[in-house]
Amino acid sequence: MSDATPSPASPDFNDMTRDIAEVPAVEVIVTVAVNLMSAAAVKLGLTEDGDKHKDLDEARKLVHALAGLLDASTTEISSFHAAPLRDGLKSLQLAFREASIVPDEPGQGPGEKYTGPVYG
């Protein structure tokens with residue numbers, strides 16, 4: 001079946017590879033960060049559906065991953081891109097602290113390994 005022609009509904013792998021090759025790394029990093037932020041906001045219950053999708057264990061993982069990505073990419077993306085992402089991260093960290101029944105000690109919250117303690 002390797003001779004099969006891709007259907008018009010499925011994208012050609014070579015086209016997808018070429019499209020990705022044309023995207024600057026900064027754009028990929030920022031897109032991933034925004035996706036992590038959005039997912040974390042949903043898991044924190046910060047959407048219209050609120051508690052329906054709230055899962056603090058999942059939110060912790062997403063916020064921690066976002067903090068790690070931003071820490072690792074600090075020298076790779078400009079402050080123009082990094083500043084709003086850091087602000088969003090801090091907002092998510094504070095929202096996590098507020099949503100927790102038993103808040104983590106300062107410096108022990110999600111992502112604080114990378115950002116240091118977060119205070120309101």
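**Figure 1. Helix H4 and the lining of the largest cavity in the predicted model.** Helix H4 supplies the largest share of the lining of the largest cavity, namely three residues. The complete lining is made up of Gln-93, Phe-96, Arg-97, Asp-104, Gly-109, Pro-110 and Glu-112, and by residue class these divide into two nonpolar, two polar and three charged. The volume of this largest cavity comes to about 40 Å³, and the structure holds one cavity of 30 Å³ or more.

Figure 2. Glu-105 counts as exposed because its relative accessibility, 57%, is over the 50% cut-off. Glu-105 and Pro-117, which are twelve residues apart in sequence, stand 8.7 Å apart in space when taken from C-alpha to C-alpha.

**Figure 3. The whole chain, as a setting for the close-up views.** The secondary structure of the chain comprises five helices and zero strands, so that the order of elements from the N terminus on reads α-α-α-α-α. Of its 120 residues, 28% count as buried, while the accessible surface of the chain comes to about 8000 Å², with 57% of that surface belonging to carbon and sulfur atoms. Among the contacts in the chain with a separation of 6 or more, 58% are accounted for by residues 24 or more positions apart.

Technical notes:
Residues are numbered from 1 along each chain as its sequence is written. This is a predicted model: local features need pLDDT of at least 70, side-chain atom pairs count only at pLDDT 80 or more; totals for chains, interfaces and linings use all residues. Side-chain values use heavy atoms; hydrogens and water are left out. Buried means under 20% relative accessible area, exposed over 50%, partly exposed in between (1.4 Å probe, protein chains only). On a 1 Å grid over the protein atoms alone, a cavity is a set of points where a 1.4 Å probe fits but cannot get out, and a pocket is an open set with protein on both sides within 12 Å along at least five of seven lines; lining residues have an atom within 4 Å of a point. Grid points are joined across faces, edges and corners, and a volume is the space filled by probe spheres set on the points. Helices (H or I, at least four residues) and strands (E, at least two) are DSSP runs, numbered from the N terminus. Ala, Val, Leu, Ile, Met, Phe, Trp, Tyr, Cys and Pro count as nonpolar, Asp, Glu, Lys and Arg as charged, and the others, Gly among them, as polar. Contact means heavy atoms within 4.5 Å. Accessible areas come from the Shrake-Rupley method with a 1.4 Å probe; for residues, only the protein chains shown count as cover.
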